[in-house]
Amino acid sequence: MSNAKQNIARWIDSHFPAQVGMLKKLVQMPSDNPPGDCTPHALMTAQLLQDLDLQVEILPVPDEIVQAAGMRSATNLIVRHCFGPGPVVALNAHGDVVPPGGGWSKDPYGAEIEDGWLYGRGAAVSKSDITTYTSALLALKHSGATLNGTIELHITYDEETGGHTGPGWLLDNGITKPDYVVCAALSYFVVTAHNGCLHLEIAIEGKSAHAAFPGSGCDAIEAGNRLMTALYQYRDSLAAQHSAVDGIDSPTLVIGLVQGGINTNVVSDNMVIRLDRRIIPEENPEAVERELMAIIAGVQQQLTGISFNLRQILLARPFTPSAQSLALAKIFSDEAEQVLQQPIPLVGLPLYTDARLYSAAGIPTIMYGAGPRSFLEANGHRADERVHLDDLRHATQIVANSLLTLLQEKSA
C-alpha cells in the first residue's frame, strides 16, 4: 500500500466516530419526499460541512421549479476543493428520502446502532454517502498526496421525485460542469447502467347514473377494468425481452395507483390509473411511450361514452455506459477488490437514479458508495433501512483511494 493510501486509511479510521456522528444527525432530521420540504435538512447539512472547514455553496431552487416538481422546498449544496489543474470529479448523494411507512422495529429517525448496523430512513439511500464522500474528500486533503484536479460534492434533495430540481437544475444552469461523476450506491458492485422509467396517468371519464339504472350511465370503473386487463396482458409479454446488461433482466410494468368512484350506489363517472413502466437500456423511451399509448387507444375504441385523458408524469431515460465511464468503473472496482478482498463486478440496476442526468449530459458516470450486498439487504425504501458501519468505513476508503488513483493518473 502506498504512503498516501496508508495516510488515507489512518485518517479515516481516526475520524470514523465523527463520521458516524454526522450520519446519525443526517438520519435523525426528517427529509421525507413527499412532501418534499427539504431546505431545512439542506441548511443543517451545510452547517455540518462548514463545521468541517469546507466551503459550501448554498443554492436555493426557485419556488416555481420546486412546485412544478411537486415539492415544497429544495436547496442544493456544492463543495468544491481544487487540488490543482486537472479534471473535475463530482460526487453526488441525495438527502431526500421516501417516507418511512409502517413495519419498523426501530425508530425511523432514531439512527440506532445494533450489531454494527445503523438503522433509519436514509441510512443507506443515501445519507450514508453524504458522509462517505465528505470523509473521502477530507482524507485526501490530509493525505499529503500531490493531486491534479478538483473534487466537488453535490448534495441534492429531489432524487425521489426525478432529479430535475437537483442535478438537472445544476447542470441546466451551468452551475457545475464536471468531467466525471460518481453517484451514491452500495459497496459490493460498481453500477455502470440502469433502467429508465415512464410514469403515465390515465384519467377515465364516463357518465354517472343511479345504481338502480346502470344502463343510463357509462361506467368509468368498468372501462378501467378493461384497460387494466389489456395492460396486464402487455406486461406479461414483456418477459420475452431481456437486457444484455448484467443485473438487469426484462422490462416491467406495474399499475401502482387506482382511484375512482362516487358512492356505492352510483355508476362511477371517473377513475384514475397511474402506471410505472421500467425501460431497459436497449429500449427507446419514446417508442415505449408510443407502444403504451397505442394499447390505451385500442381499448378506448372499444368503448362508448368513455374518454381517456393521458398525462406523462415522468420519463427517465436509461443510464448506459461509455468507454470513459467503464474505465472509471474499473478504477473503483480494482480499489474495492483490494480493500474488500473479493471480486467487485460491474453491473446494471433495474431501478433509476440521478446518475442518468449526468450521463445524459455527456459526462462519464458511475455509481458507488456505502452499503451491503443488495438493496434488499439494506432494506432500501422498506422498514428497518440500514447500513453496516464496516461497509461505511470501507466505502469511504475505497472512494478516497479511487480518487487518488484517478487524479494521480491525470497529473502524470
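Two strands pair if DSSP finds at least two bridges between them. Strands (E, at least two residues) and helices (H or I, at least four) are DSSP runs, numbered from the N terminus. The model is predicted: local features need pLDDT of at least 70, side-chain atom pairs count only at pLDDT 80 or more, and totals for chains, interfaces and linings use all residues. Residues are numbered from 1 along each chain as its sequence is written, and side-chain values use heavy atoms, without hydrogens and water.

**Sheet**

An open sheet of three strands runs in the order E4-E5-E17, with antiparallel pairing. E4 and E17 are the edge strands; each has a single partner strand, so one side of each lacks a neighbour in the sheet. Three bridges join E5 and E17 in the antiparallel sense. Tyr119 stands opposite Arg386 in E17.

| Strand | Residues |
|---|---|
| E4 | 113-114 |
| E5 | 117-119 |
| E17 | 386-388 |

**Cores**

A nonpolar core is a set of buried (under 20% relative accessible area, 1.4 Å probe, protein chains only) Ala, Val, Leu, Ile, Met, Phe, Trp, Tyr and Cys residues joined through side-chain atoms within 4.5 Å. The largest has 71 residues, and Leu91, Leu118 and Tyr368 have the most contacts inside it. Helix H11 (residues 389-411) gives the most to this core: ten residues. Another core, of 26 residues, lies apart from it and includes Ile279 and Leu292.

Definitions and conventions
Buried means under 20% relative accessible area, exposed over 50%, partly exposed in between (1.4 Å probe, protein chains only).
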